[in-house]
Amino acid sequence: MERLISWGVTRVFGYPGDGINGVMGALNRAKERIDFVQTRHEEMAAFMACAHAKFTGRPGVCMSTSGPGAIHLLNGLYDAKMDHQPVVAIVGQQARMSMGGDYQQEVDLLSLYKDVAHEFVHMATEPAQVRHLIDRALRIAQVNRTVTCVILPADVQELDYAEPPHLHGSVHTGMGYSRPEIVPPFDDLQRAADILNHGSKVAILVGAGALHAATEVREIADILGAGVANALLGKAVLPDDLPYVTGAIGLLGTKPSYDLMMECDTLLMVGTAFPYSEFLPKEGKVKAVQIDIDGRMLGLRYPTDVNLQGDSRKTLQDLIALLEYKSDRSWREHIEAEVRRWWKVAEARAMNSAHPINPQRVFWEMSPLLPDRCILTADSGSSASWFARDLKIREGMMASLSGNLATMCPGVPYAIAAKFAYPDRVPVAMVGDGAMQMSGINELITIAKYRNRWEDPRMVILVLNNQDLNMVTWEQRVMVGDPKFEASQDVPPFNYAEYARMIGLEGVRIETQDEVVPGLQRAFAAAGPVVIDVLTDPSVPPLPPHITLKQAKAFTSSVLKGDDNAWDMIRQTYKEVVENYLH
Ligand SMILES: Cc1ncc(C[n+]2csc(CCOP(=O)(O)OP(=O)(O)O)c2C)c(N)n1
Ligand SMILES: [Mg+2]
């Protein structure tokens, strides 16, 4: 515990058990200097550690007991690993004497964690190891931007600590890590600049790796007369009111982002591993440059012509010095016209009536109500679509979700971790009812438990109550051509607002279209944590920006096979497509 504190760790998210009691005792004795946040489930603790890292840039730490607790952490740890976040897991284990004895709660944790924490997972079998295991876990998590794990047998936790002796075989590690400023060699920068100077239709795609390089992304986009699309984790790189920001890319993306990628002749990717190649230019069609801090991510999604390993901010600064201002602004003007048109389409789609409420309307009306510097979190489900596409992010806000694992349930725990990290800011979580029933409603209890700790307890949880696992229902329809399978897709009714009130939070239920604006206003004016329970229409399709013929056929056949909602779906889809042509 002393070592963690010396590394600057001020908060640990976790859940107790007899496999970790020795550490819990130490945490209790150190409680003036390090905070323990108790979640409802270990998976939530791992999500919080991941979100802590995402929102603060500092390593997140989570903790669990042996066996079942360590197993529960895993999904949240994979979320951190796949989104490249430094997270350290400290887990208990059975006593050394019982190991190998098929003992109760004995799980082979070294093997279990060998994938998620493969860069560093070790078990202490005596106290003199603990110092270097903690030092290495924290350092490697940051150097490799990944998950590391220290396993502590219960009896080792009870032993007296002694510094390693000055003897053959002992290890004497030190603390501290600061990230180097990596820049690519000049020749590579020059080759990249030549490509970018030569292109006449430049597209830029930004991801989480560009979050700290907003000024440079703006500058390079201006010099190159480029449009900027964002991968989901890069939603907060640039504000949506910039006229050349085309918004999200991909299935959840916008038409201007799709067109940007299809029509460009030159592509610059900054800090992104956006996975879907069908939304990137066709292989060989464009010249491409990629910037990433992690050399392993280079040339991964597109056979890029120049790969620049480096910090995105420094690399862009060096690149900018080699670029020529593009005086022909026709490509930029074309993009800006498309973006203006798109926002009209988005507004028209949002204003379409639906039964009972069009989810796009909720996101559209929410944008201007979002408090300055709020921290947005979205879950996996249709909320991610509307968040990506319809929500207008402003400068100073932060935003994240589970990008690469795309797991359900990070929405609420990410918001809680954001609140602990920035008690003066307002987290806003956007979550589906399926995710709420999976673990979101339990984590509301954590909010109720800690609300008095926060100097400004405001926090908003928006629940899309559509009684459906809607994203997957649409995937089944559009991708496989199947109708909705009620047995797998229906979500039981639940009154989230009433539940919120029952546990001492505020609850606002929005049941009709007319209540959307006043309901949201009431919720955003609340003095404390508030749950907005909005009854949304599952028939509004989170359509890809360009439906392919194959998808359209699959969609039609699902209707022919007799989906109960067929007529609602046809009507809503028709409206969506029509809006695209009207504006
Ligand atoms: C842990 C996990 N289980 C299943 C999935 C597959 N999945 C993705 S979105 C989704 C539906 C989510 O439903 P809900 O939370 O109600 O959101 P909606 O799409 O209805 O807005 C499912 C089942 C997943 N991504 N993660
Ligand atoms: Mg749902």
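This report looks at the ligand site and the aromatic pairs of a predicted model.

Let's start with ligand 1. Its shell has 16 residues, with Ser382, Asp433, Gly434, Asp468 and Asn470 the closest. By type, that shell splits into 6 nonpolar, 8 polar and 2 charged residues. Two helices, α16 (433-450) and α17 (470-480), each bring at least two residues to the shell.

| Residue | Atom on the protein side | Distance to an oxygen atom of ligand 1 |
|---|---|---|
| Aspartate 433 | polar side-chain atom | 2.7 Å |
| Glycine 434 | polar backbone atom | 2.7 Å |
| Asparagine 470 | polar backbone atom | 2.8 Å |

On its own, ligand 1 would expose 590 Å², and the protein buries 77% of that.

Now for the rings. The structure has 9 aromatic pairs. In one of them, phenylalanine 47 and tyrosine 414 have ring centres 6.4 Å apart and planes at 75°, so this pair counts as edge-to-face. Phenylalanine 47 belongs to helix α3 (residues 42-56) and tyrosine 414 to helix α15 (residues 411-421), so the pair ties together parts 367 residues apart in sequence. Both residues are buried. Ring pairs also join Phe47, Phe55 and Tyr414 into a cluster.

Another edge-to-face pair is phenylalanine 420 with tryptophan 454, at 5.2 Å between centres and 80° between planes. Here helix α15 is tied to the loop between α16 and β16 (459-465), 34 residues apart in sequence. Phenylalanine 420 is buried at 5% relative accessible area, and tryptophan 454 is buried at 5% too.

Lysine 235 has its charged end over the ring of phenylalanine 387, 5.5 Å from the centre, while arginine 425 lies over the face of tyrosine 422, 5.3 Å from the ring centre.

Technical notes
Residues numbered from 1 in each chain as written. Chains lettered and ligands numbered in written order. Predicted model: local features only at pLDDT ≥ 70, side-chain atom pairs only at ≥ 80, totals over all residues. Heavy atoms only, no water. Near = heavy atom within 4 Å. Polar contact = N/O pair within 3.5 Å; in protein donor to acceptor, adjacent residues only side chain to side chain. Areas by Shrake-Rupley, 256 points an atom, 1.4 Å probe, with all protein chains shown as cover. Helix = DSSP H or I, 4+ residues; strand = E, 2+ residues; numbered from the N terminus. Nonpolar A, V, L, I, M, F, W, Y, C, P; charged D, E, K, R; others polar. Phe/Tyr/Trp six-rings, centres within 6.5 Å; stacked < 30°, edge-to-face > 60°. Buried < 20%, exposed > 50% of the residue type's maximum accessible area, 1.4 Å probe, protein only. Lys NZ or Arg CZ within 6 Å of the ring centre and 35° of its normal.
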